[in-house]
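Have the sequence and the 3D view ready as you read.

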Protein chains: 2
Amino acid sequence: MYCGVRAGCILELDLQTAVMIILTLYMPEVNRLFGHCIYVISTVLAGTILLLTKKRTPTDAGEKTMSIIVNRRDLDFVMYEALDLNTILESEHYADYDRESLDAMLDLCQSLAEDQFLPFAAKLDANEPKFVDGKVETIPEVKEAINAYREAGLCTSAYDAAIGGMQLPWMMDQALNGMFVCANNPVHTYLFLTQGVANMLNACGSDELKARYLPKLVEGEWFGTMCLSETQAGSSLADIRTKADVRADGGYNISGTKMWISGGEQDITDNIVHMVLAKIPGSPPGVKGISLFLVPKNRVNDDGSIGDSNNVALAGLNHKMGCRGTTNCLLNFGESGESIGYLVGEPNQGLANMFHMMNEARISVGMASVMAGMGGYLYSLDYARNRPQGRPLVNRNPEDAQIMISEHADIKRMLMTQKAFVEGAQTLIYYSAQLIDQQKLSTDKEANARTDLLLGLLTPICKSWPSEFCLEANKLAIQVLGGYGYTREYPVERLYRDNRLNHIHEGTWGIQGIDILGRKVQMHNGAAVAVLREEIQATVDSATGMSGLAEHCTQLKDALAQIEATVKTVSEAADPSLALANATIFLDAMGHVVIAWMWLKQAVAATRGLQQGTAADTAFYQGKLAATQFFFRYELPKTDASLALVAGLDSTCYDLSADQFTGS
Amino acid sequence: MYCGVRAGCILELDLQTAVMIILTLYMPEVNRLFGHCIYVISTVLAGTILLLTKKRTPTDAGEKTMSIIVNRRDLDFVMYEALDLNTILESEHYADYDRESLDAMLDLCQSLAEDQFLPFAAKLDANEPKFVDGKVETIPEVKEAINAYREAGLCTSAYDAAIGGMQLPWMMDQALNGMFVCANNPVHTYLFLTQGVANMLNACGSDELKARYLPKLVEGEWFGTMCLSETQAGSSLADIRTKADVRADGGYNISGTKMWISGGEQDITDNIVHMVLAKIPGSPPGVKGISLFLVPKNRVNDDGSIGDSNNVALAGLNHKMGCRGTTNCLLNFGESGESIGYLVGEPNQGLANMFHMMNEARISVGMASVMAGMGGYLYSLDYARNRPQGRPLVNRNPEDAQIMISEHADIKRMLMTQKAFVEGAQTLIYYSAQLIDQQKLSTDKEANARTDLLLGLLTPICKSWPSEFCLEANKLAIQVLGGYGYTREYPVERLYRDNRLNHIHEGTWGIQGIDILGRKVQMHNGAAVAVLREEIQATVDSATGMSGLAEHCTQLKDALAQIEATVKTVSEAADPSLALANATIFLDAMGHVVIAWMWLKQAVAATRGLQQGTAADTAFYQGKLAATQFFFRYELPKTDASLALVAGLDSTCYDLSADQFTGS
């Protein structure tokens, strides 16, 4: 009845019990066949029955005519029409799942996100966690929401069955979690961080460490954090000062102060597992001397029970512009007593071990940004369709009724810009998830190396393009609502504030620029760009003969050629610093080319859909084709001027001295 | 001693008294010659003495190595080198002022803004005015700051001496007030609104109304508000429902609800003068039937004393993302008793009367946006120059010292982008102020009509360009500070939140776009654009022969030609709605061309400065030339794609139906 109890939290218990009884007792055949995922099935079954009968709770944003956290038609389109989740589901590894069971899970998660996460998002923003007597106080809704999520088994969604996970395709994991992120990202951040820590521990930790900590992390009973930055060392990890002195028992005494630690302290879980970068005395200077340590908030006894405090002290909370619901902490290690840490992986390999999961973390940051943009887009679209104001330019008669603002050309432009940015970026995130899934399923070394190149190239774009352009979408969502959008009574300004974080953490905008132009496009003689070219060509080939897409194909190929020419010029530049001086501009421009490709992918699928689909879907597919046209006409042409600037090795900013800004 | 008391508030009284005694008693010649502005002189003299002797109070942002509200060298440059305040000061109208006296006033205002406005800006943001028992409660610092400003006589700065004002050039009024706006815009907003109301009353009100209300508004003893919007009618004023029923005594009973009223209720002044748009029953429908009424919060007796409440009830406060220090109210008129209003100007001319001061109000909104950008730019520049982090790309040796982040190419780019946007937009605001001053001083009807055309054309750009690009500057200021920038412990995120308002009030972004493309560039057969062309040509002529500027001149002329070609195509379009569908994109692009012109103006002045100026200014002038080059290379090329889109009458968004966004 373990699973029943977990799921019972979000379902009326009697119904859940009934389903469990049916499945486990009266249908032993089901029980035998579906093994470890029985609780998923029972949850989904019960959830589906409930959804068909239950009146949905209105959110704090009022009863909406459409969901403001997800467009399910679009989600289906991206995963099954523009991309290829079907093929992934055919693999042995995901044999427990099919489209139907995943759809039911999406239903359940949407319901849970809308009913348990969304309603208090504004309240949490207005009542951020407080620092009281060295501890954190959080509003109770956070714990309730996390309990509901945990009890539904969702903490385990991304892990393999071998370590107790649901073993879902990564794309589906993104889809499920995306709805929670859209509904209330500050709450979901605790879960996202924990997943990163568990993956890192699983990949690099000793069996003993794994045995003691991994199950708790996987189940979401304890949360995890990443402790990298210090007040004097944010982007420059070479300069961290936290120290790890070896102990007689083989552990280490950790001492130092860590800054910007999301979830560093909280009152939600009984223990916290910190992953801490520190230096063992005598190790090489700089990044080559950084090691990774697991440092629990409370020590863990041999029987798994929680022991004494490990002296990780909360020194203060940062007060952020957005994402206020997640604590962000200054932590002192080893100040009030010994903070014992355990080496994860080899000494001095801390950064490599940390980067082991950096691709996935950076893609998840991009996803958070997409979802903030999605929330603004859907909300402002719904608002615009229901808000009467003004009249057509050609008929100003005040005695005629006002029209909905979604009929005004400039409102349409702002909605379309949001759609193009948000849905374009979403497709890129799901495409990258597909690459991760494909890599996991394939044993073909050459194919995997190729996927790895492409994924490495796309990762800085996944991270930074949404952080820039889905933030822009949030800005437009506010504008659609006008004065209302600027008030905290409506969610769009909060989403804008939340989203502003994403250019900063997990590698800043500028660092992503240097990563892509200084490393990713150049490595192995441009092998990654070559893979990209092949993949783009495949999409172009699939568009051949499709009405209205020929012009887009030419434009995309030209833009890619300009990218390649720019990379060539930059590679040959004599001054490597000047060569990278405009790397951020290159990053944005290359992002535009990749997003244009994602729109071409969608346009191909939409054209097929119009040819083969049902009439009910016509408006949907036409909207996709219009958004593609928008991106190719309004956005892609901007890359020309940007790339010319990068290729010209413009030194205007680079040459400037600090005193020239103000003259003193 | 009236003036002495007023100034005494910000100065030690003994010093002020001494100065007053010297001026008024021992130097009767001074007293005779300088008439009405004696208090300005005494204030400035005393202030200067104090500034030379007094230790400055550290601000809440910590003791900075440079001012974070103004670069005085730049202000001087714009007003006296790039623009021509000297000529304006030579006029009879401004005979009381010269460069020296104005410099001293700037010193005094900078000190007042830094000491009395800046220190509590963050506190006010965190403690916004509260709604308690139908009244507003504001933190006491607001009243203290406003008293200091009022007592220094600054409320009167912009008015003519005839109504008790300082009669300053408008450009200087912008410069003085700009520092207060940068230091604490939410407090200054009360003053800015009051100035608009006083100007409107002075221009359109009856002698009786002016006698009763104008002096109190001019002195800043009472504040004013603009009551236009209603919950169902924001941008669409044709649909307002507030009613004005004529009374037997010639007044009107006002009834209805007004929304988004900044300063609609406050606990700072004893009375509030509302300027209310309402409809007299029987008047024509739509905007042609709107009249303007003065509605005091408290009635005013014949002797000028405050009488009974006028039943203007605060129904609620809006809670904004930024600009939190200014109340924003929902007001009920005539619900709990009669709200008596007095007609201002003729019946049904309300909108025309309101628009009488709209140009200046819109330019002031642009100024507020520039100053938010300026605050972020100066703060992030100072931070970057003092924050060590990381090493040069070509020398990563961790044993070498870290460099200041202002040495990193991408930080330079972000600082330069801020400089180019903020200083470019600031020049446009001051240039527009110069046009207003010139118009005021000239009796040449033809010249004034020409100035009027140019000012009309530039106004939507003054309003919207900073709202877009100085907001972008604020975004970059956050990025320069990294994680710190995202916290409320640093001012840059607050300035970003404050600045997001400016695209919304006083005519939205979209409305400015329709104004410029649908009206301003087309009126009188394109006469305004013709004036712009002449003025740009004059700047180009002045740049002839100057090293490095020839390319910029060609580029600017080409961009202007593209503007003209685009206007021509749009004017000839068959469908007027489609013609304006991309008006906002045109607005931004035309703004870029105008700001490029402003940079060329500055480059010409900087080149002259390098030829004639002192060596100490070399870095300053080089910075100006670099920023010009930046704008012409990094920004202006973007207009090409935008204008091509507008000229192509692209209908991608225009053709979209509301259901195509999501497919349902």
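Helices (H or I, at least four residues) and strands (E, at least two) are DSSP runs, numbered from the N terminus. With that in hand, find B:L517 in helix 17 (residues 509–520) of chain B. A quick word on the ground rules: this is a predicted model, where local features need pLDDT of at least 70 and side-chain atom pairs count only at pLDDT 80 or more, while totals for chains, interfaces and linings use all residues. Residues are numbered from 1 along each chain as its sequence is written, chains are lettered from A and ligands numbered from 1 in the order in which they are written, and side-chain values use heavy atoms, with hydrogens and water left out.

Back to our leucine. Is B:L517 buried or exposed? B:L517 is buried, because its relative accessible area is 0% (buried means under 20%, exposed over 50%, partly exposed in between, with a 1.4 Å probe and protein chains only). Setting aside neighbours within four places in sequence, its contacts (heavy atoms within 4.5 Å) include B:V570, B:L580 and B:F586.

Now hop over to strand 7 (residues 290–296) of chain B, where seven of the seven residues are buried. In a regular strand, side chains alternate between the two faces of the sheet. Here B:I290, B:L292, B:L294 and B:P296 are buried on one side, and B:S291, B:F293 and B:V295 are buried on the other.

Next, the place where the chains meet. Chain A and chain B each bring 103 residues to the contact. The size of an interface is often given as the accessible area lost when the parts come together. For chain A and chain B, the buried area (accessible area lost on being put together, 1.4 Å probe, summed over both) is about 8,900 Å², with carbon and sulfur atoms giving 57%. In chain A, the residues losing the most area to chain B are A:Y486, A:R488 and A:F661, together 10% of what that side buries.

How many salt bridges are there between chain A and chain B? The count is eight, where a salt bridge is a side-chain nitrogen of Lys or Arg within 4 Å of a carboxyl oxygen of Asp or Glu. One salt bridge joins the side chains of A:D239 and B:R391 (2.6 Å, N to O).

Key. Buried area is the accessible area (1.4 Å probe) that two parts lose on being put together, summed over both.
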